[in-house]
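Here are a few points to keep in hand while you look through the model.

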Amino acid sequence: MPRPLRVIAATFALLLVTACNSASSGGTAPSSVRGVTADSIRVGGIVSMTTASGYSKKDTDLGARARYDRANAEGGINGRRIEYLGAEDDGQDPARNLAAARRLVQQDKVFAVSPMSSVTFAGAGFLDAQKVPTVGWGTLPSFCGPAHLYGFNGCLVPTPGGTLNQTWPEGLAAVLGGARGKSVALIAGDNDAGKFGIRTFTQGFKAAGFQVAYAKAAVPATSMPSDWSAYTKEILRSGPGGRAPDAVVSVMQTPYNIGLFTALKRSGYKGVISDPTDYDPGLLAKDATKQALDGVHVLLQFQPFESDSPAMRQFKADIRKAAGGKDVPLNMHMMTGYMSADLFLSIAAKAGKDLTVESFQKAAAGFSDTGTLVGDRAEPKGQKESFGCGALVRLKNGRYEVAVPFRCYPPIPFG
């Protein structure tokens with residue numbers, strides 16, 4: 001056989017042997033799994049870092065980085081380090097959210113997206129179709145049902161046939177000494193999320209025994225009012241006999257809450273005010289903001305920073321290390337990023353050394369643990385309902401204090 005032909009034949013034989021060895025070794029070669037190599041797992045995030053109103057969730061990225069840093073310091077996940085690319089800023093814009101999802105998958109080749117925290121999730125369908133495990137704050141319907149999307153504290157948007165988290169109504173009932181004979185006003189932005197929030201919380205507060213005196217998604221979602229008097233006048237006359245309700249609950253973001261709460265207080269309102277977003281010491285830097293939020297009860301769906309559990313001490317130590325050894329003010333966005341990363345890491349660890357999307361999904365299908373900063377976790381339960389745990393904190397004299405301790409409440413059927 002001429003020498004060139006012998007070389008070609010030998011090369012072909014070598015390729016054949018290599019292919020046979022690969023096929024007989026079992027499993028999937030790490031390079032064939034998007035974002036997974038023999039020693040790393042590539043992960044990215046999507047977070048609303050900037051918004052038109054000035055509201056920012058940028059510290060979500062720091063929280064995620066803190067948790068991934070600890071995982072790497074402890075040897076990674078089944079021998080693989082987490083290569084965290086940081087979070088893309090979607091600017092709270094649906095088009096940018098989808099573009100960020102496409103970029104992370106098609107250009108950066110990530111295995112997973114964690115955290116995802118925004119009021120828009122236009123990239124949800126794309127990520128699920130591309131089989132990208134995605135973990136974030138389950139305040140959007142996209143986290144409730146799709147196979148590859150997970151809320152770090154479960155699905156917080158109930159669906160027909162599912163259940164409704166009662167942390168907020170039951171917590172405020174405890175603050176008011178019971179719900180019997182008490183009235184509540186609910187207000188939200190005029191968008192799909194606000195309308196759905198009004199629907200769900202109306203059912204929840206009624207189930208807890210409250211009279212829902214006012215429930216409207218009436219505030220323009222694209223432009224914050226400069227004059228809140230039209231809203232406050234209607235709210236303050238909505239209670240029994242035209243009196244003010246016992247509690248006003250806002251399902252809006254911080255800039256809106258500051259405007260509404262300031263107007264309520266100037267009108268002489270003395271009842272309970274509550275919202276789900278304003279647990280952030282950074283908000284207290286301005287006197288006007290501090291005055292607006294003073295006395296407000298904030299809903300939390302995780303252990304308060306004021307608690308002294310081992311898990312909370314670990315969280316604080318991880319954040320401090322990720323922040324360069326500085327004691328930075330803690331906020332709920334850090335917790336969102338941290339616990340999104342924690343749920344991803346926990347499921348990936350259970351998936352074992354042979355990490356693929358299929359092995360991750362199989363591990364998630366039977367995943368559960370207890371005693372975390374968001375309570376007891378379980379999948380696939382978390383893709384249909386929340387984990388049902390929470391607390392209320394109150395801002396008093398420039399400091400947050402625990403008003404209702406962290407606990408888990410039985411859910412109610414949602415319909």
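1. First, a term. Contact here means heavy atoms within 4.5 Å. The model is a predicted one.

2. Start with confidence. The protein chain has a mean pLDDT of 90, and 93% of its residues reach 70 or more. Residues 1-30 are another matter: their pLDDT is below 50. Beyond near neighbours in sequence, this stretch has 9 contacts in the model. Where pLDDT is low, the predicted coordinates should not be read in detail.

3. Now the helix pair. Helix α2 covers residues 59-73 and helix α10 covers residues 310-322. Their axes come within 8 Å and cross at roughly 100 degrees. Angles of 65 to 115 degrees count as roughly perpendicular, so α2 and α10 are roughly perpendicular to each other.

4. Which residues meet? From α2 come Leu62, Gly63, Ala66, Asp69 and Arg70. From α10 come Gln314, Asp318, Ile319 and Ala322. By class, the residues of this contact are 4 nonpolar, 2 polar and 3 charged.

5. Next, the second largest pocket. Its volume is about 520 Å³. The lining has 24 residues. Closest to the pocket centre are Gly54, Thr254, Asp280, Gly282 and Leu283.

6. Which elements give two or more residues to the lining of this pocket? They are α2, α8 (254-266) and α11 (332-351). Helix α8 gives the largest share, 5 residues.

Notes: Residues numbered from 1 in each chain as written. Predicted model: local features only at pLDDT ≥ 70, side-chain atom pairs only at ≥ 80, totals over all residues. Heavy atoms only, no water. Axes fitted to C-alpha atoms, helices over the stretch in contact; angles between N-to-C directions. Helix = DSSP H or I, 4+ residues; strand = E, 2+ residues; numbered from the N terminus. Parallel < 35°, antiparallel > 145°, perpendicular 65-115°, else oblique. Nonpolar A, V, L, I, M, F, W, Y, C, P; charged D, E, K, R; others polar. pLDDT = per-residue confidence, 0-100. 1 Å grid on protein atoms, 1.4 Å probe; cavity = no way out; pocket = protein on both sides within 12 Å on 5 of 7 lines; lining within 4 Å. Points joined across faces, edges and corners; volume = space filled by probe spheres on them.
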